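Me: Hi! Could you walk me through this one? I'd like to start with a helix and then move on to the charged side chains.

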Amino acid sequence: MNAPNEMDPIEVKRVKLQVLVREHRDLDEAIRALEETGTADSFTIRRLKKQKLSLKDRIAALEDEITPDIIA
């Protein structure tokens with residue numbers, strides 16, 4: 001059993017998921033702002049979009065770990 005001050009592994013994953021979702025949303029807002037203002041070159045925007053996609057993949061993987069498989 002976990003010590004009184006340790007978090008459950010699933011709860012740790014949920015916290016990580018929240019952080020990743022927030023980072024994904026922040027990147028989305030940054031990309032949108034850069035595109036609207038035209039202050040960034042296409043390389044920078046492309047790099048940020050790749051980071052966003054990577055976060056999306058990590059989010060999906062964590063969601064799969066948290067959500068139990070349901071056999072229908």
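Reply: Happy to! This is a predicted model. The buried residues of helix H2 pack against helix H1, which covers residues 9-37.

Me: Nice. Which residues of H2 are buried?

Reply: Those are Thr44, Ile45, Leu48, Leu55, Ile59, Leu62 and Ile66.

Me: And how far apart are the end C-alpha atoms of H2?

Reply: They are 36 Å apart. H2 has 25 residues (42-66), so at 1.5 Å a residue it should span 36 Å, and the two values agree.

Me: What caps its N-terminal end?

Reply: Asp41 does, with a side-chain oxygen 3.2 Å from the backbone nitrogen of Phe43.

Me: Switching to charges: how many salt bridges are there?

Reply: Five. One of them pairs Glu35 with Lys49, at 3.2 Å from N to O. That pair links distant parts of the chain, with Glu35 in H1 and Lys49 in H2, 14 residues apart.

Me: Is Lys49 buried or partly exposed?

Reply: Partly exposed, because its relative accessible area is 43%. Glu35 is partly exposed too, at 42%.

Me: Which residues are joined into one network?

Reply: Asp28, Arg32 and Lys52, through salt bridges that share partners. Arg32 and Asp28 meet at 2.9 Å, N to O. Both lie in H1, four residues apart, about one turn of the helix.

Note on methods
Residues numbered from 1 in each chain as written. Predicted model: local features only at pLDDT ≥ 70, side-chain atom pairs only at ≥ 80, totals over all residues. Heavy atoms only, no water. Helix = DSSP H or I, 4+ residues; strand = E, 2+ residues; numbered from the N terminus. Expected span 1.5 Å × (residues − 1). Buried < 20%, exposed > 50% of the residue type's maximum accessible area, 1.4 Å probe, protein only. Contact = heavy atoms within 4.5 Å. Polar contact = N/O pair within 3.5 Å; in protein donor to acceptor, adjacent residues only side chain to side chain. Salt bridge = Lys/Arg side-chain N within 4 Å of Asp/Glu carboxyl O.
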